[in-house]
Amino acid sequence: MTRMSKTYFEDLYRRDPDPWGLATRWYEARKYAITMAALPRPRYRSGFEPGCSIGMLTAMLATRCDHLLAADGMPVAAEQARARTWGLANVEVADLTVPESWPEINFDLVVLSEIAYYFDPEELGSLLDRVRQTLDTAGGHLMAVHWRGTTNYPLTGDHAHQLIGSRPELARVVHHVEDEFVLDVWEPRSPPT
Ligand SMILES: C[S@@+](CC[C@H](N)C(=O)[O-])C[C@H]1O[C@@H](n2cnc3c(N)ncnc32)[C@H](O)[C@@H]1O
């Protein structure tokens, strides 16, 4: 199975502007609080949040980033994220599909929140290649946080985290797992001298 199709997300957003209840469910609110607490550094220079949906986490990450680029492949979602972060001068919301339109920008924070399991292993590998090319090797962090339940997605949350964790260029610095979700933070390993 390849990645979840554009039509899949279009149908979801047509039925409900907030298909996962990101703005209303306690699971999301609590997970967002843990996500923010798990970021190792108080501030980041340049963050990237692909798959930002309606911008709930975006608004929180904005408080910790000098500049934050958030993006979603669904314009209807990006529009909501833009409205939610309107007036925040450090936030830019783009209509972008990853990994193919990954920005040519250096980041010191990349956040994959509930998006990595929509890719098959090969596509997730391409996305992680882009992370490797754009994440600062000194002081950069890659965070991933995903639901662990059964879905019709190409990957489970656990499998997505295993694949990310198997990348030789990444060293894990935070690991939090509970029944419903898994959260990890990695930093780039120093190249061998
Ligand atoms: C579950 S929501 C993400 C929630 C959000 N990251 C959060 O934690 O609040 C998944 C989002 O990823 C977006 N998405 C899925 N595949 C994508 C891709 N290849 N590129 C960009 N966005 C994508 C969907 O349109 C959807 O809005």
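Which residues do ring pairs link into a cluster? In this predicted model, the cluster joined by ring pairs consists of Tyr8, Phe9, Tyr13, Trp20, Tyr117, Tyr118 and Tyr153.

The count of aromatic pairs comes to 10, and two of them are set out here.

| Pair | Geometry | Centre to centre | Angle between planes |
|---|---|---|---|
| Phe9 and Trp20 | tilted | 6.5 Å | 50 degrees |
| Tyr117 and Tyr153 | tilted | 4.9 Å | 50 degrees |

Because Phe9 belongs to helix H1 (residues 6-15) while Trp20 sits in the loop between H1 and helix H2 (26-38), their pair ties together parts that are 11 residues apart in sequence. Phe9 counts as buried, with a relative accessibility of 14%, whereas Trp20, at 23%, is partly exposed. Tyr117 lies in the loop between strand S4 (109-113) and helix H5 (121-134), and Tyr153 in the loop between strand S5 (141-147) and helix H6 (157-165), so this pair ties together parts that are 36 residues apart in sequence. Tyr117 and Tyr153 are both buried.

Turning to the nonpolar cores, the largest has 33 residues, and Val110, Leu142 and Ile164 are those with the most contacts inside it. At least two residues of this core come from each of H1, strand S2 (65-72), S4, H5, S5 and H6, and H5 gives the most, with four residues. Leaving aside residues up to four places away in sequence, Ile164 touches Leu112, Leu124, Leu128, Leu142, Ala144, Leu170 and Trp186. Another core, of 27 residues, lies apart from the largest one and includes Met36, Cys65, Ala70 and Val111.

Key. Residues numbered from 1 in each chain as written. Predicted model: local features only at pLDDT ≥ 70, side-chain atom pairs only at ≥ 80, totals over all residues. Heavy atoms only, no water. Phe/Tyr/Trp six-rings, centres within 6.5 Å; stacked < 30°, edge-to-face > 60°. Buried < 20%, exposed > 50% of the residue type's maximum accessible area, 1.4 Å probe, protein only. Core = buried A, V, L, I, M, F, W, Y, C linked by side-chain atoms within 4.5 Å. Contact = heavy atoms within 4.5 Å.
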